[in-house]
Amino acid sequence: MRWIRYFLLIISLVVLQTALFTSLRVFDTGPDLLLVATIAVAYERGAETGAVFGFVGGLAIDCFLSSPLGVSALTFALVGYGVGVFQSGLIRSSRWMAPVLGGIGGLVGGMIWVLIAALAGQEDLFVVGTLRTLVIAAVYDALVAFLIFPFARWASGDHDFAHR
Amino acid sequence: MAVYRRESRRRPIIALIVITSLALISLDRGGNGVIATVRHTARDAIAPVQGVVSDAFNPVSNVFDGVTKVHGLEDENAKLRSRVSTLEGKLSRERGVGEEYSQITRLLDIPDVEDVTGVVARVIGGPAGNFERTLTLNKGTSKGIVIGMPIVAGDGLVGKVTDASRTRATVTLIDSPGLGVGVRTEKSREQAVTQGRSGEKLLRLSFIGNPRAEIAEGELVFTAGVEGAAYPPDVPVARVVKIDRQRGVLDPDIFVEPLVDLDKLIFVKALRWPPRDTSPAGDSGTSGN
């Protein structure tokens, strides 16, 4: 049941990313909804679930990008795994956890994406403009994290979360 | 004990994900047809939902657009008014020359952009990612849009179709780092290639035929249209806005600005290039499928 909710979450975010947030861009930069959702799921459920969710979500959004299929999948899986590994040491009650994790995870995830995409042949990304885009995207990710974290918490299921 | 079991399970999963991802990247880079089919199927499957969501949130997008872009509109208006008056004068001066030119091309039977038919399509979205400059069109292969078609708008060249599913097409814009356009300059007639730069709006002119040629700011840049070119000849592409000649360096840095406002497109035309029939009996109108 939880994976059905995850599937619905991924499809919904893919639709929003490709139909809505292509218009809601600031300085020609948009948020990465699936990356933020991966961070949220990894925060709720740990490294293993975070990595698998990130891989599936990344593959879904890769279908709509021009970069090689698998770049976002690998990036999101690594971010999900990383957040999952470190989440046990975090203070879970803080209300600022969502934007902080969304922002930092978005920045690190963006850097990993650029690195993997460059290794896959997009060397032109190593320019100053890329850094500016990464920072703007990370701020945007931090803002949308307020909205995405509750949905990710719902999809992860409170009951399962309590027994983790 | 439980922690140990979880840790030992994690490693095979992350290893499997890494291997699968790398395999997919390699296959896609190699142009695997199965991956292209999967991509197209996903795009076609989600297209109706995208349409509904896009229409539903259209007012939100418009308000957002107004808030984020209102500051630049006054400046842009003033610049455009000045440009219109300049261009009106220029058009009058060149009208006579243009008539001679079209008579000669007709006599020599040289195909140009006027001979090219095309498919008019609506722009329904921008890029889903932050590191690509693309547009999504509301038509695909079922309406005759195929990979490789040049895309133009009223002011000039927009880009090229780089992916097309049955119902959608992806256009890579001319300011994308991955897309070079063979061009010639207006007055000096030097050939060069435009080069987009990640996160930058201005294109750089590379591989200039004669780097010492007198290229001036304000000069227009057109598609070169050499034999076998991907674009029809003489389509306006950009205007030279900045020339940086550093002492001791042979090649100047020449930057051009696309003539088309690539962020405000609503309708574009995909050109059937090279034209299948350039005879007078052939369809030379602006067909809109």
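Which residue in β5(B) is the bridge partner of D163(B)? I looked it up and found T170(B).

I note that this is a predicted model, where local features need pLDDT of at least 70, side-chain atom pairs count only at pLDDT 80 or more, and totals for chains, interfaces and linings use all residues. Residues are numbered from 1 along each chain as its sequence is written, and chains are lettered from A and ligands numbered from 1 in the order written.

**Chain B, strand β5**

I took β5(B) as residues 169-173; strands are DSSP runs of E, at least two residues, and helices are runs of H or I, at least four, numbered from the N terminus. β4(B), residues 156-164, pairs with β5(B) antiparallel over 5 bridges (pairing needs at least two DSSP bridges). A hairpin of 4 residues links β4(B) to β5(B). I then checked β2(B), residues 134-137: 4 bridges join it to β5(B), also antiparallel. There T134(B) has T172(B) as its bridge partner.

Next I checked burial. Of the 5 residues in β5(B), 5 are buried (20 or more other C-beta atoms within 10 Å of the residue's own, C-beta atoms being placed from the backbone). A169(B), V171(B) and L173(B) cover one side, T170(B) and T172(B) the other. In a regular strand side chains alternate between the two faces of the sheet.

**Chain A, helix pair**

I compared α1(A), residues 2-20, with α2(A), residues 33-45: their axes come within 9 Å and cross at roughly 150°. That makes the two helices roughly antiparallel (over 145 degrees). L9(A), I10(A), L13(A), L16(A) and Q17(A) meet L33(A), L34(A) and A37(A), contact being C-beta atoms, placed from the backbone, within 7 Å.

Conventions: Axes are lines fitted to C-alpha atoms, for helices over the stretch in contact, and angles run from 0 to 180 degrees between N-to-C directions. Angles under 35 degrees count as roughly parallel, over 145 as roughly antiparallel, 65 to 115 as roughly perpendicular and the rest as oblique. Two residues are in contact if their C-beta atoms, placed from the backbone, lie within 7 Å. A residue is buried if 20 or more other C-beta atoms lie within 10 Å of its own, exposed if 12 or fewer, and partly exposed in between; C-beta atoms are placed from the backbone.
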